[in-house]
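Hi,

Here is the structure I promised to pass on. Have a look at it first, and my notes on what turned up follow below.

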Amino acid sequence: MEDGDALAAGLARSVPGAESVAGIADLEGAALSAAGRIDALVAVARARCWLEAVQIAMLAGLQEQPLTCIPGRPDALGDFLETQEQVACALRISPDTARGRLVEAQQLTARFPAALGLLAQGQVQIMHLKALLEHTAALDDETATQVEALVLPKLPTQTVGAARKAISRAVIKADPAGAEQRHTRAQEDRRTTLQAHPEGMAWYGALLTAGDAALVDAAVTAHAHTLDADGRTLPQRCADALVELVSGTATSSTTATIVVTVPFDALIGTADHPADLQGHGPITAAQARTLATRPGSIWRRLLTHPTTGQVLKTDPTTYRPTTEVTRHVIARDPHCRFPGCTRPSRRCDLDHVTPFNQTKPHSGGLTTPDNLIPLCRRHHLTKHRAGWHTRYNHHTGNVTWTAPTGHTYTDQPVPAT
C-alpha cells in the first residue's frame, strides 16, 4: 500500500503529461489508502485537464490547416464547414457541437493563451476557461486580455462558481461603461414566465434585474418566516408566501432587507468600481447607486481598526456576536467558508475558529471578526464531529481546512468590491 500511496502522491504533485498518464495506468489495481485514493483522484483530474488542452490545440490546428478544399469554394467558410463535419463524424458528436468546440478552441488559443497554459498544467479545469469565454464574449480582444490578467493569479485556487464571480467583477473593472450599457440593454428583456408542469403543477418565474430579484426573494423569505410551519418546509412556505404577497392576501407585513457592499467613492459617483450584491455577486456602480437611493434604503458604515481590520465598539468576551460584529462578518464573507460551499452566510452559523472559553472568556477565543467565520450547519458539524480542523489567516482572509486524511484545502475570501 505504501508503494501505491507514494506513486499516487507523486503523480498528484507532478506536472501532467504523457508520463503522468502512463503512471496513472500503473495505479490500476494498486493497494491504496484513503489518502492515496484522494491523491489518485487529483492526479487523474489533472491528467484530464492536460488532455483537454491537447485536444483544444488539435482543434485549433485543424482550422489553421483545412482538411480539404471544396471545388469552387476556396473561401474560409467552405473549409470550416468541411472541418466541422469531419470532427463531428470522428468524435461521434453533432455538427453543432463540433462547431462549438472548434470556435471555442480558436478563441481560447487566440484570446487566452495564459489561461490555456494553466489548463495544460492541470491547475484549472476546462469549466474555468468556458466561464472566461462566456463572460468576455461581448468584449474586444484588448479588454478580454485585461480581464484575463486580473483573474489569472487566483484562478487555480478558485472553484468554478467563485471564478465566475471573479471574472464578472473583472469585466466591470476593465470596462465599467460597457458593463453598464450591457445591463441597460439587458433590462429590456425583463419578463415573467409561466410553464406547465406535470401533476397539475406549473413553474412561475421572472427575469428581473439583480437588485429587484434580490428584493423579491428577501420579501418572500421574510414573509415565509412569519407563517406557521404546520408541517411545511421553508421552501414550501416560501412558495405559499409568494402567492399571498402577489395576490394581496398576506395578513402580516415584513421588512425585506438586501445587502450591497460598495466603495464610498463609487457610492457618491466619483468612481465606477464594481459593487457586490449579497447572494448574487458583482454589479455595476450605477446599479449599486440605484439600490442605495431607493426609498427606505439604509447606509451603514463598518468602522474598523486601521491595522487589524477588527470592528470597533464591540465586546469580544461574550459568546454571541453583537449585531455589529455579525454584520461585519456577513459583509466580509458572503457564504459558508468551507471550500466550494455557496450557502449564504446569513443562513449560516458564526463559528469561533479558536474555541470560545466559556469559563474564562478573556483567555479563550474572542468573539471578534478575526475569530469568526460563517459555516453552514452541515460544515459546522463536519468541523466538530468529523475530525476536520481550520485555521484562519486574518491578514489574507484565507481559511485552511485539514481533512482527516491530512490533505489541506484553502478557501480564499471573496473580494467585497
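This is a predicted model: local features need pLDDT of at least 70, side-chain atom pairs count only at pLDDT 80 or more; totals for chains, interfaces and linings use all residues.

Residues are numbered from 1 along each chain as its sequence is written, and side-chain values use heavy atoms, with hydrogens and water left out.

**Overall**

The protein has 16 helices and 10 strands; helices (H or I, at least four residues) and strands (E, at least two) are DSSP runs, numbered from the N terminus. Of its 417 residues, 37% are buried, where buried means under 20% relative accessible area, exposed over 50%, and partly exposed in between (1.4 Å probe, protein chains only). Taking contacts (heavy atoms within 4.5 Å) with a separation of 6 or more, 53% come from residues 24 or more positions apart.

**Sheets and a hairpin**

Back to that pair. β3 and strand β4 (residues 275-277) are antiparallel and share 2 bridges; two strands pair if DSSP finds at least two bridges between them. They belong to an open sheet of 3 strands, ordered β3-β4-β5 with antiparallel pairing. β3 (260-261) and β5 (281-283) stand at the edges with a single partner strand each, so one side of each has no neighbour in the sheet. Helix α9 (residues 160-174) lies across β4 and β5, at about 15° to β5. For this and the other angles, axes are lines fitted to C-alpha atoms, for helices over the stretch in contact, and angles run from 0 to 180 degrees between N-to-C directions.

Another open sheet of 3 strands has the order β8-β9-β10, again with antiparallel pairing. Its edge strands are β8 (389-392) and β10 (408-411), each pairing on one side only, and the twist averages 20° from one strand to the next. Strand β9 (residues 399-402) is joined to β10 by 4 bridges in the antiparallel sense, with threonine 400 partnered by threonine 410 in β10.

Then there is the hairpin: β1 and β2 have 3 residues between them, and glutamate 199 in the turn has a positive phi of about 65°. Strand β1 (residues 191-197) and strand β2 (residues 201-207) run antiparallel, joined by 7 bridges. One of the bridge pairs is histidine 197 with methionine 201 in β2.

**Helix packing around α3**

How do α3 and α6 cross? The axes of helix α3 (residues 34-64) and helix α6 (residues 113-120) come within 7 Å, at roughly 135°. That makes α3 and α6 oblique to each other: angles under 35 degrees count as roughly parallel, over 145 as roughly antiparallel, 65 to 115 as roughly perpendicular and the rest as oblique. Cys49, Trp50, Glu52, Ala53 and Ile56 of α3 make the contact with Leu116, Leu119 and Ala120 of α6. By class, that contact has 7 nonpolar, no polar and 1 charged residues; Ala, Val, Leu, Ile, Met, Phe, Trp, Tyr, Cys and Pro count as nonpolar, Asp, Glu, Lys and Arg as charged, and the others, Gly among them, as polar.

α3 also meets α5, their axes coming within 8 Å and crossing at roughly 100°, so α3 is roughly perpendicular to α5. On the α3 side are Gln55, Ile56, Leu59, Ala60 and Gln63, which meet Arg101, Leu102, Val103, Ala105, Gln106, Leu108 and Thr109 in α5. This contact of α3 with α5 divides into 7 nonpolar, 4 polar and 1 charged residues.

**Cysteines**

With a disulfide taken as a pair of cysteine sulfur atoms within 2.5 Å, the count is 0. Cysteine 348 is in no disulfide, its nearest cysteine sulfur being that of cysteine 336 at 5.0 Å. Cysteine 348 is buried at 13% relative accessible area, and cysteine 49 is buried at 9%.

**Two more residues to look at**

Arginine 13 sits in helix α1 (residues 2-13) and is exposed, at 65% relative accessibility. Its C-alpha is 7.6 Å from that of alanine 43, 30 residues apart along the chain.

Threonine 97, in helix α5 (residues 95-111), is partly exposed, with a relative accessible area of 34%. Threonine 97 and valine 87 are 10 residues apart in sequence, and their C-alpha atoms are 9.5 Å apart.

Cheers
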